[in-house]
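Subject: Structure handover

Hello,

Here is the structure I promised to pass on. My notes on what turned up in it follow below.

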Amino acid sequence: MKLSGSFPCDFPPEVYQKYLSDEGALAYLSQNHPEIRGVEVIENRAQDDKIYVKMKYTMEVSMPAPVKKALGGASHSFVADLILDTQNNTATLEFNPARLGDKIKAGARIAFDKEGDHWIQRLDGDVTVKILGLGRVVEKFIVEKFQNSYTIEARLRNEYVHRAEGQGTSDS
């Protein structure tokens, strides 16, 4: 199932990247996002024009009973594996769930584009769930939850960068 979205950023990618795995930014997410309980950096390294970041997200998500049963509960974690190309402002993102990793595949391509005074982070990806009888239902749930959650995370990250860069909060 298609996964997509556009998320405004008030800063260029190089500023945004500076705070991607920042302890303060991750604490801000955990404290202010209604579903994120914690984010742990597993890897953060740069090599040539690439930045490799792996973060483990721990979430508590409300879900319908059939989805909850299929996924093994409302609490779950996944590793977000991000590879940023700093030359062309793009990235690839893979999600590796702690449970059912052999049945759930999710990933996306990300591009940062300048539009006026803002940058737009565009996400284009896919989610595939191979659970007999419930695959499409779980796919739809994951896509909707991800898009809603990512919208909140993008807003919170933007707020945090405004504070960290000493520019107050954004009205966007």
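Start at helix 2: at its beginning, a side-chain oxygen of D22 comes to within 3.0 Å of the backbone nitrogen of G24. Helices (H or I, at least four residues) and strands (E, at least two) are DSSP runs, numbered from the N terminus.

Two points on conventions. This is a predicted model, where local features need pLDDT of at least 70 and side-chain atom pairs count only at pLDDT 80 or more, while totals for chains, interfaces and linings use all residues. Residues are numbered from 1 along each chain as its sequence is written, and side-chain values use heavy atoms, with hydrogens and water left out.

**Helix 2**

Helix 2 covers residues 23-32 and lies across strand 2 and strand 3 (50-60). It runs at about 155° to strand 2. Axes here are lines fitted to C-alpha atoms, for helices over the stretch in contact, and angles run from 0 to 180 degrees between N-to-C directions.

Its buried residues are A25, L26, Y28 and L29. They fall within an arc of 155° seen down the axis of helix 2, so they line one face of the helix. The arc is that of the directions from the helix axis to the C-beta atoms. E23 and Q31 are exposed, on the face turned away from the buried side of helix 2. Buried means under 20% relative accessible area, exposed over 50%, and partly exposed in between (1.4 Å probe, protein chains only). The cover over the buried residues of helix 2 includes strand 2, strand 3 and helix 4. Contact means heavy atoms within 4.5 Å.

**S21**

S21 sits in the loop between helix 1 (13-18) and helix 2. Is S21 buried or exposed? S21 is buried, at a relative accessible area of 16%. Its side chain makes a polar contact with the side chain of N44, at 2.6 Å. A polar contact is a pair of N or O atoms within 3.5 Å; within protein, one must be able to donate a hydrogen and the other to accept it, and residues adjacent in sequence count only if both atoms are side-chain atoms. Leaving aside residues up to four places away in sequence, S21 touches L26, V41, N44, V53 and M55.

Seven strands form an open, antiparallel sheet in the order 1-7-6-5-4-3-2. Strand 1 (2-9) and strand 2 (36-47) are the edges, each pairing on one side only. From one strand to the next, the twist averages 20°. Two strands pair if DSSP finds at least two bridges between them.

- Strand 4 (residues 75-85) and strand 5 (residues 90-97) share eight bridges. I83 has T92 as its bridge partner in strand 5.
- Strand 5 and strand 6 (residues 104-115) share six bridges. T92 stands opposite R109 in strand 6. Their hairpin has six residues between the strands, and L100 takes a positive phi near 60° there.
- Strand 6 and strand 7 (residues 118-129) are joined by 12 bridges. I110 has L123 as its partner in strand 7. This hairpin has two residues between the strands, and G116 takes a positive phi near 65°.

**The core**

The largest nonpolar core has 50 residues; Y57, F95 and I110 touch the most other members. Helix 4 (residues 135-164) gives the most to this core, with nine residues. A nonpolar core is a set of buried Ala, Val, Leu, Ile, Met, Phe, Trp, Tyr and Cys residues joined through side-chain atoms within 4.5 Å.

Best wishes
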